[in-house]
Amino acid sequence: MRDGLNEQLSALVDGELREDEAALLLRQLGRSEELKARFARYCLISDALHRNLSVATGSDLAARVARALEDEPSYGVGQHRPARGRLLLRPVAGMALAVTGALAMVTMWPQPSQETASTRAENEGVIAAAQETPQQSHQRPIEAVDAPERAAPSVAVETAARSQLQWKRLDPQLQRQLTDYLIKHSERSATGQMDTALPYMRIIGYEAGQ
Amino acid sequence: MKRANESRAGRRFWLGALVCWAACLSLGTQVQADANEGQAAQALLQRMTHAVRFTNYVGVCVYRFGDNLQTIRIVHQVKNGHRHERLVSLNGPEREIIRADAQTTRIHPSEHFIAQNLALLNTPFDTAFSGDPARAAAAEGFWDNIYSLELLGPDRVAGREARRLNIVPLDHFRYGYRLWIDERSGLLLRSDLIDEAGASLEQIMFTAIETPDTIPDQWLEPTRSDEATTWHRVHAPRMQPGTIMASAWRIDDLPKGFKLAFRGRQPVQGGRGDGFVEHWLYSDGLATVSVYIRPQGKHPFSGWSRRGAVSTFGRTLDDYQIIVVGEVPAATVRRIGESMSVRAQATAP
């Protein structure tokens with residue numbers, strides 16, 4: 001149950017959740033502080049993975065994002081509810097704006113508008129794996145690597161968990177295709193990685209988990 | 001009065017000199033200790049790379065990434081200067097890998113499928129540990145500019161005493177390693193791949209290991225060899241390590257330390273008739289990144305993904321699909337993928 005909820009949150013962050021599911025989830029978000037905090041962390045992780053903001057910036061940043069979300073009136077409990085037709089669109093846009101604003105505020109970085117993967121999939125007919133736009137510059141300032149002792153375990157663990165959820169959401173055919181590339185890469189580079197059996201174990205792991 | 005002042009000034013002078021001398025001595029001792037630790041760490045790593053190449057061993061290993069856990073039996077034989085290795089999965093679907101030097105044979109017994117492939121890279125740290133003075137100078141740069149080593153205290157793995165060694169990346173374009181190295185044999189007993197947040201992305205760990213003097217050839221034979229069954233075989237493409245074919249593509253923004261080790265063409269999708277792909281292979285001496293370029297298919301991939309230690313980035317450009325794969329952070333594969341373009345005055349392959 002909890003995994004399903006996490007998966008939905010992950011999909012919401014990536015803009016890959018169906019509208020009806022998104023509306024339901026956003027209502028739950030408005031009622032649960034824990035869920036709201038988790039959503040904030042997922043947004044942070046998503047941004048970290050996409051833009052290489054180090055996830056090691058820790059729980060403090062996540063907490064600040066969560067606080068920013070709390071302050072956002074759109075999500076306060078007991079707010080005047082908009083018309084049903086607008087219910088689907090406005091919370092998503094509002095949430096995206098709040099998170100974008102909060103992240104821009106805490107990172108001091110300019111935040112270009114993001115085209116969601118689902119939109120791009122519709123427009124270009126591609127199987128999009130994640131929220132990622134070519135317009136996002138990779139030359140954006142990048143944080144230095146933090147020492148392991150500065151890492152926030154909860155964020156790190158959730159990062160790994162989110163990567164898994166994201167992989168599970170990929171189209172099965174695309175999963176097979178990518179797994180084939182992973183295997184080919186591991187075979188080709190096997191003698192270059194300490195020359196141990198590790199690359200071969202990866203191959204077995206990827207094949208078995210397929 | 002004047003003599004008393006002179007005396008005080010003299011005492012201050014000598015006190016200052018003593019403090020400076022003590023500080024220099026302390027600093028010098030610290031520098032020497034750091035240098036010694038660095039040399040000890042390199043020596044330990046060198047011992048491990050030698051041991052994994054030249055030691056017979058048999059063991060059971062666990063491999064974990066995400067929520068996937070595999071138990072694998074490993075047999076490693078060194079005979080007449082050649083390495084033979086066999087890995088068998090002990091849980092989940094039957095999977096087997098037979099390695100003979102650089103050639104890998106993947107066997108799926110229940111699916112009657114066999115695929116061969118060839119590794120293309122030189123052994124890692126060859127540059128660092130070759131003994132050649134020129135290469136040794138380059139090795140200094142390797143440890144200073146790309147990774148650093150940390151020697152840690154003892155531990156136990158698989159009932160054996162182990163030394164711990166950290167390989168720490170000096171930028172955010174590669175992962176780090178935590179290694180547990182057997183005191184007795186020098187073999188790698190446990191390895192954790194560490195991301196930029198200090199989290200473990202994947203782990204391998206021996207739960208039992210032995211190092212017999214000889215290993216019978218029979219231990220390296222596949223479990224099933226039912227000749228009556230027709231096996232689907234995919235043979236290794238003929239490629240030579242170090243091949244650098246010409247390409248119509250270019251990469252403009254390669255992270256520091258990565259060097260092109262191979263550029264050629266190879267079959268995709270297990271070679272089951274899905275055509276060829278252009279393959280570029282980069283290495284920084286430890287981490288590796290592959291770039292695949294092929295005509296855009298029915299299911300283009302755009303964006304990023306990560307599975308265990310391996311990050312993947314995909315984009316389409318001029319009706320071609322570019323896929324970058326490597327056991328490196330997502331930022332590395334994305335940076336490489338986004339900086340790819342078609343060379344001027346050239347058409348895509």
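User: How much accessible surface does chain B have, and what share of it belongs to carbon and sulfur atoms?

Analyst: Accessible areas come from the Shrake-Rupley method with a 1.4 Å probe, and for residues only the protein chains shown count as cover. The accessible surface of chain B is about 16,500 Å², with 52% belonging to carbon and sulfur atoms. This is a predicted model, in which local features need pLDDT of at least 70 and side-chain atom pairs count only at pLDDT 80 or more, while totals for chains, interfaces and linings use all residues. Residues are numbered from 1 along each chain as its sequence is written, chains are lettered from A and ligands numbered from 1 in the order in which they are written, and side-chain values use heavy atoms, with hydrogens and water left out.

User: Which residues make the nonpolar surface patch of about 460 Å²?

Analyst: Patches are made of residues with over 30% relative accessible area and no salt bridge; like charges are joined within 9 Å, and nonpolar side chains (Val, Leu, Ile, Met, Phe, Trp, Tyr) within 5 Å. A salt bridge is a side-chain nitrogen of Lys or Arg within 4 Å of a carboxyl oxygen of Asp or Glu. Here B:Leu15, B:Leu18, B:Val19 and B:Trp21 form the patch, and B:Leu18 belongs to helix α1 of chain B.

User: What is the secondary structure of chain B, and what percentage of its residues is buried?

Analyst: Helices (H or I, at least four residues) and strands (E, at least two) are DSSP runs numbered from the N terminus. Chain B has four helices and 20 strands. Buried means under 20% relative accessible area, exposed over 50%, and partly exposed in between (1.4 Å probe, protein chains only). Of the 349 residues in chain B, 50% are buried.

User: Why is strand β4 of chain B described as largely enclosed, and which strands pair with β4(B)?

Analyst: Four of the five residues of β4(B) (residues 96-100) are buried, so the rest of the structure largely encloses this strand. Two strands pair if DSSP finds at least two bridges between them. Strand β3(B) (residues 82-89) pairs with β4(B) in the antiparallel sense over five bridges, and B:His84 stands opposite B:Ala100. Strand β5(B) (residues 103-108) also pairs with β4(B) in the antiparallel sense, over five bridges; there B:Glu96 has B:Ile107 as its bridge partner.

User: Which residues take a positive phi in these two hairpins?

Analyst: In the hairpin of β3(B) and β4(B), with six residues between the strands, B:Gly92 has a positive phi near 75°. The hairpin of β4(B) and β5(B) has two residues between the strands, and B:Asp101 has a positive phi near 50°.

User: Is B:Gly314 buried or exposed, and which residues does it touch?

Analyst: B:Gly314, in strand β18 (residues 310-317) of chain B, is buried because its relative accessible area is 1%. Contact means heavy atoms within 4.5 Å. Not counting residues up to four places away in sequence, B:Gly314 touches B:Phe301, B:Ser302, B:Gly303, B:Gln321, B:Ile322 and B:Ile323.

User: Where does B:Thr55 lie, and which backbone oxygen is 2.7 Å from its side chain?

Analyst: B:Thr55 lies in the loop between α1 (2-54) and β1 (57-65) of chain B, and is buried at 16% relative accessible area. The backbone oxygen of B:Ala51 is 2.7 Å from a polar atom of the B:Thr55 side chain.

Technical notes. Polar contact = N/O pair within 3.5 Å; in protein donor to acceptor, adjacent residues only side chain to side chain.
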